[in-house]
Protein chains: 2
Amino acid sequence: MKKFEEKSLQSTLVYEGKIISLKVDDVLLPNGKEAKREIVNHPGAVAIIAITKEGKLVLVEQYRKALERSIIEIPAGKLEPGEKPEYTAKRELEEETGYGCHDLQYLQTFATSPGFADEVIHLFVAKDLYKIEEKADLDEDEFVELLEVTLEEAEEMVKEQKIYDAKSAFAVLWMKANQ
Amino acid sequence: MKKFEEKSLQSTLVYEGKIISLKVDDVLLPNGKEAKREIVNHPGAVAIIAITKEGKLVLVEQYRKALERSIIEIPAGKLEPGEKPEYTAKRELEEETGYGCHDLQYLQTFATSPGFADEVIHLFVAKDLYKIEEKADLDEDEFVELLEVTLEEAEEMVKEQKIYDAKSAFAVLWMKANQ
């Protein structure tokens with residue numbers, strides 16, 4: 001889909017960091033005029049709607065510096081270079097929650113902020129969970145707390161803005177629509 | 001909610017642009033170690049789940065430079081400084097679709113990419129729509145095409161990845177759960 005395509009006339013790399021980079025492109029608009037587009041590049045991520053045998057949703061609380069608060073989210077993590085999303089999903093579920101799963105289904109992919117970033121999240125549904133005896137380590141700068149909640153508790157957390165990000169809000173709605 | 005708080009030791013502004021800015025903070029982790037956090041600041045946005053009298057979902061197709069393709073989304077737009085989200089929602093609905101609405105309800109707010117950005121989207125549901133005779137102008141660098149689709153058509157667009165962003169995927173699921 002290329003409707004209203006904006007061709008780059010020039011692209012300037014402004015910042016290259018650990019997780020994201022930022023470039024500013026001069027683009028040619030469909031009407032022949034020019035504009036600037038600020039674009040954040042991100043490696044992409046996976047997120048997992050993990051449902052326990054008791055029908056509870058597995059969540060993690062963590063501090064999000066960008067928001068200056070902690071929020072409660074579904075388990076998620078960045079794609080490492082060359083890693084298949086299915087593999088990342090299993091790895092992140094294990095690292096963040098201590099759960100393995102016998103049933104992992106791909107659900108869908110969405111872009112989080114198409115107005116300024118290329119980040120996409122690949123969403124998976126994990127069922128038939130089992131506790132891993134020797135839990136894998138988190139990244140050294142990662143601190144999370146595990147929660148397991150019913151659909152009703154999750155909906156309450158959305159209302160209270162404890163669950164506060166797009167992928168997790170989507171997950172709660174998905175659970176409601178598929179219970 | 002401040003669990004696992006990360007206090008900034010130093011903050012460096014890397015880029016200040018038209019829509020976003022980027023800073024890199026050195027933070028103190030809960031374990032006493034230090035880490036860097038790359039943070040994109042964004043003014044926030046609104047998005048509107050607009051349902052016509054015929055029960056169709058109002059969508060707009062537009063080119064998203066960050067993704068290098070056009071996608072089909074629910075109407076949305078950035079908050080201007082000091083603007084109330086309700087006002088922005090009415091303005092953007094009018095500008096992008098030519099619809100006014102007699103019934104605008106706040107639904108919820110979510111952060112789009114809490115791992116690296118502070119952008120939040122305030123979601124509204126607009127019903128009792130009417131066509132505006134003198135449609136307001138779009139921004140001069142904005143090109144959109146209007147679509148109105150049934151829930152079934154919207155679900156097909158999600159499968160085909162024509163609808164491909166988080167807020168719009170959420171909107172389709174919300175429509176399914178609330179029909």
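The questions below take one label at a time.

Q: What kind of model is this?
A: This is a predicted model. Every value here is computed from it.

Q: What makes up chain A, in helices and strands?
A: Chain A has three helices and 10 strands. Starting at the N terminus, the order is β-β-β-β-β-β-β-α-β-β-β-α-α.

Q: How is chain A divided into domains?
A: Domain 1 of chain A covers 7-41, and domain 2 of chain A covers 45-177. Their centres, taken over C-alpha atoms, are 31 Å apart.

Q: How do you know that domain 1 and domain 2 of chain A are in contact?
A: Contact requires heavy atoms within 4.5 Å. Six residues of domain 1 of chain A meet five residues of domain 2 of chain A in this way. The area buried between these domains is about 400 Å². Carbon and sulfur atoms give 47% of that area.

Q: Which three residues supply 69% of the area that domain 1 of chain A buries against domain 2 of chain A?
A: They are Ile19(A), Val40(A) and Asn41(A). No other three residues of domain 1 supply more.

Q: Why is the pair Lys18(A) and Asp141(A) called a salt bridge?
A: The closest N and O atoms of Lys18(A) and Asp141(A) are 3.7 Å apart. The cut-off is 4 Å, from a side-chain nitrogen of Lys or Arg to a carboxyl oxygen of Asp or Glu. The pair Lys18(A) and Asp141(A) therefore counts as a salt bridge. Between domain 1 and domain 2 of chain A, the count is one salt bridge. The side of domain 1 that touches domain 2 has three nonpolar, one polar and two charged residues.

Q: What makes Asp141(A) and Arg37(B) a salt bridge?
A: The N to O distance between their side chains is 3.0 Å.

Q: Why does the salt bridge of Lys3(A) and Glu145(B) join two chains?
A: First, the distance: 2.8 Å from N to O. The limit is 4 Å, so the pair Lys3(A) and Glu145(B) is a salt bridge. Next, the places. Lys3(A) lies in the segment before strand S1 (7-16) of chain A, and Glu145(B) lies in strand S10 (residues 144-149) of chain B, so the pair joins two chains.

Q: How many salt bridges are counted between chain A and chain B?
A: The count between chain A and chain B is five. Over all chains, the structure holds 33 salt bridges.

Q: What else is found where chain A touches chain B?
A: There are 29 residue pairs in polar contact across this interface, with both residues at pLDDT 80 or more. H3(A) gives the largest share of chain A's side, seven residues. By class, that side has 36 nonpolar, 12 polar and 23 charged residues.

Q: How much area is buried between chain A and chain B?
A: About 6,200 Å² is buried, and carbon and sulfur atoms give 65% of it. The contact takes 71 residues from chain A and 71 residues from chain B.

Q: Why is the pair Tyr106(B) and Phe124(B) called edge-to-face?
A: Six aromatic pairs are found over all chains. In the pair Tyr106(B) and Phe124(B), the ring centres are 5.7 Å apart and the planes meet at 70°. Centres must lie within 6.5 Å, and planes over 60 degrees apart count as edge-to-face.

Q: What does the pair Tyr106(B) and Phe124(B) tie together?
A: Tyr106(B) lies in strand S8 of chain B and Phe124(B) in strand S9 of chain B, so the pair ties together parts 18 residues apart in sequence.

Methods. Residues are numbered from 1 along each chain as its sequence is written. Chains are lettered from A and ligands numbered from 1 in the order in which they are written. Side-chain values use heavy atoms; hydrogens and water are left out. Domain bounds come from an automatic or database domain assignment. Buried area is the accessible area (1.4 Å probe) that two parts lose on being put together, summed over both. Ala, Val, Leu, Ile, Met, Phe, Trp, Tyr, Cys and Pro count as nonpolar, Asp, Glu, Lys and Arg as charged, and the others, Gly among them, as polar. Rings of Phe, Tyr and Trp (its six-membered ring) pair if their centres lie within 6.5 Å; planes under 30 degrees apart count as stacked, over 60 as edge-to-face and the rest as tilted. Helices (H or I, at least four residues) and strands (E, at least two) are DSSP runs, numbered from the N terminus. A polar contact is a pair of N or O atoms within 3.5 Å; within protein, one must be able to donate a hydrogen and the other to accept it, and residues adjacent in sequence count only if both atoms are side-chain atoms.
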